[in-house]
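Work through the exercises below with the sequence and the coordinates open beside you.

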Amino acid sequence: MGLTVPSDHQVVSYAPESQEGWVATRLDFLVNWARANSLWPMPFGTACCAIEFMASAASKYDLARFGMERMSFSPRQADVLICAGRVPFKLAPIIRRIWQQMPQPKWSISMGACASTGGMFDNYAVVQGIDTIIPVDVYVPGCPPRPEGLIYGIRMLQEKVKNERAADKGTRDEMEPDPSSQLYIPPSVIDELGEPFGNSVNQTRSGL
Amino acid sequence: MTRFEVVTTGESSGTDQPTTPKNIPHRGGAANPSAKALQDKFSSAIKRVDVVWGETTVYVEPGFVRQAILWLHDDASQRYDFLSDVTAVEYRDPEVPLEVVWHLRSLPFRRFIRIKAQIPKGAPLEIDSVYDIYRAADWLERECYDMFGIRFRGHPDLRRILMWEQYKEGFPLRKDFPLRGRFSRSEQLRQALAQNPEARYSMEELSIADAYAELPDEMRERLSKGERTGE
């Protein structure tokens with residue numbers, strides 16, 4: 001190697017004539033840099049947001065610039081779950097299972113108004129925000145978000161990944177749902193998140 | 001004549017091109033000739049014929065709907081060989097009965113007819129299935145049952161299709177159903193997460209039997225041992 005350690009162990013010296021390059025860095029920085037720039041998305045596209053997601057992945061906006069050129073349609077090889085579109089209650093166990101099948105480290109992006117809050121679908125069939133089913137790292141607003149918006153969300157996620165500490169094991173713990181209810185968060189919080197707002201409070205279909 | 005045979009007679013077999021009708025009156029246009037034929041054939045079972053924007057609606061007694069549709073399908077002068085839709089309408093006025101609607105199309109004669117049956121207030125929501133006339137009615141009737149709770153007598157596999165099968169809150173498109181469902185959000189989520197995603201489709205539904213010969217050996221072996229993914 002080009003590195004030689006002097007006898008006093010104080011200084012690292014470099015011998016240019018050895019013609020060998022070397023670099024010193026923090027392990028955290030190296031690992032996070034590699035992770036942040038090779039996030040493989042698991043696309044979970046259920047509605048129009050998926051069209052914008054496809055546009056983001058296509059040549060004009062080109063997600064490959066951020067290391068996401070490979071859509072991982074197998075959750076076992078994916079790093080980031082991108083939920084693009086509304087999630088009906090019937091899909092809730094499916095997105096939950098996909099999330100549980102993804103290996104650590106994993107992140108998730110909730111893309112668009114419907115995935116983040118239920119959007120305009122404040123009805124009997126649609127989950128009021130996927131954060132009631134799975135943990136979410138980044139919310140991308142919009143209906144649907146433009147590709148620039150999604151890319152901004154992805155850049156935010158990359159910032160988050162770059163600031164993680166390898167020593168902090170807590171972020172990598174797999175969340176276990178409550179065994180009886182299968183929920184990650186308490187029912188009262190879910191009810192609060194699903195609380196309607198605006199003029200549609202307690203409105204029935206018939207208006208009776 | 002056997003059913004499902006290729007039809008080459010009728011108006012669409014001629015050389016005349018189909019034309020787009022123009023200047024259709026809102027009400028009282030020319031009725032589909034099949035409506036008159038239905039009245040001649042079933043007389044008192046046909047309650048009313050409406051023509052709105054050139055489309056004919058025939059109101060039939062609920063007990064005669066299946067016969068009428070069977071006749072429309074089989075008779076050589078009608079040949080309604082395509083079932084577009086089966087659905088239902090519940091009106092906001094609580095006095096108006098719930099209607100079940102069939103949309104039929106005759107490809108040979110280029111005709112469209114809408115059959116409606118009014119289920120009287122207080123009567124059980126039941127009507128005869130047309131599954132044995134049109135296979136297309138299978139999922140359409142299941143959807144109608146799922147959303148309105150109308151039971152189709154004679155349907156071989158009447159269960160929910162849009163909502164999951166253990167859905168407990170009722171029939172979402174009924175007027176007495178609250179827009180957000182009957183349960184709290186957390187309870188809805190808890191029940192939804194309790195489903196088994198793999199229990200949704202039975203081997204029968206996937207028509208595995210049709211493709212049995214092309215299946216991999218390993219899967220054939222598992223199926224022959226009676227394995228199925230359904231409940």
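This is a predicted model: local features need pLDDT of at least 70, side-chain atom pairs count only at pLDDT 80 or more; totals for chains, interfaces and linings use all residues.

**Exercise 1.** Describe the make-up of chain A: how many helices and strands does it have, and in what order do they run?

*Solution.* Begin with the count, in which the secondary structure of chain A comes to six helices and six strands. Next, read the elements from the N terminus, where the order is β-β-α-β-α-β-α-β-α-β-α-α. Then turn to burial, for which a residue needs 20 or more other C-beta atoms within 10 Å of its own; of the 208 residues in chain A, 32% are buried. Finally, take the contacts in chain A between residues at least 6 apart in sequence, of which 75% join residues at least 24 apart.

**Exercise 2.** Determine how helices H2 and H5 of chain A are oriented towards each other, and which residues meet.

*Solution.* Two packed helices are described by the angle between their axes and the distance between the axes. For H2(A), residues 48–57, and H5(A), residues 147–162, the axes come within 9 Å and cross at roughly 75°. Since angles of 65 to 115 degrees count as roughly perpendicular, H2(A) and H5(A) are therefore roughly perpendicular to each other. At the residue level, A:Glu52, A:Phe53, A:Ala55 and A:Ser56 in H2(A) meet A:Pro147, A:Leu150 and A:Ile151 in H5(A). By class, the residues of this contact comprise five nonpolar, one polar and one charged.

**Exercise 3.** Work out the order of the strands in the five-stranded sheet of chain B, and explain why one side of E1 and of E3 is left without a neighbour in the sheet.

*Solution.* The sheet is open, with the order E1-E2-E5-E4-E3 and mixed pairing. Strands E1 (46–52) and E3 (82–89) of chain B stand at the edges and each have a single partner strand, so one side of each lacks a neighbour in the sheet. From one strand to the next, the twist averages 20°. E3(B) and E4(B), residues 98–106, run antiparallel and are joined by seven bridges, and B:Val89 stands opposite B:Glu99 in E4(B). Helix H2 of chain B (residues 65–74) packs on the sheet and touches E2, E4 and E5, its direction making about 170° with that of E5(B).

**Exercise 4.** Which helix gives the most to the side of chain A that touches chain B?

*Solution.* The contact takes 24 residues from chain A and 22 residues from chain B. On the side of chain A, helices H3 (92–101) and H6 (187–193) each supply at least two residues, and H3(A) gives the most, with five residues. The residues of this side divide into nine nonpolar, nine polar and six charged.

Technical notes: Residues are numbered from 1 along each chain as its sequence is written. Chains are lettered from A and ligands numbered from 1 in the order in which they are written. Axes are lines fitted to C-alpha atoms, for helices over the stretch in contact, and angles run from 0 to 180 degrees between N-to-C directions. Helices (H or I, at least four residues) and strands (E, at least two) are DSSP runs, numbered from the N terminus. Angles under 35 degrees count as roughly parallel, over 145 as roughly antiparallel, 65 to 115 as roughly perpendicular and the rest as oblique. Two residues are in contact if their C-beta atoms, placed from the backbone, lie within 7 Å. Ala, Val, Leu, Ile, Met, Phe, Trp, Tyr, Cys and Pro count as nonpolar, Asp, Glu, Lys and Arg as charged, and the others, Gly among them, as polar. Two strands pair if DSSP finds at least two bridges between them. A residue is buried if 20 or more other C-beta atoms lie within 10 Å of its own, exposed if 12 or fewer, and partly exposed in between; C-beta atoms are placed from the backbone.
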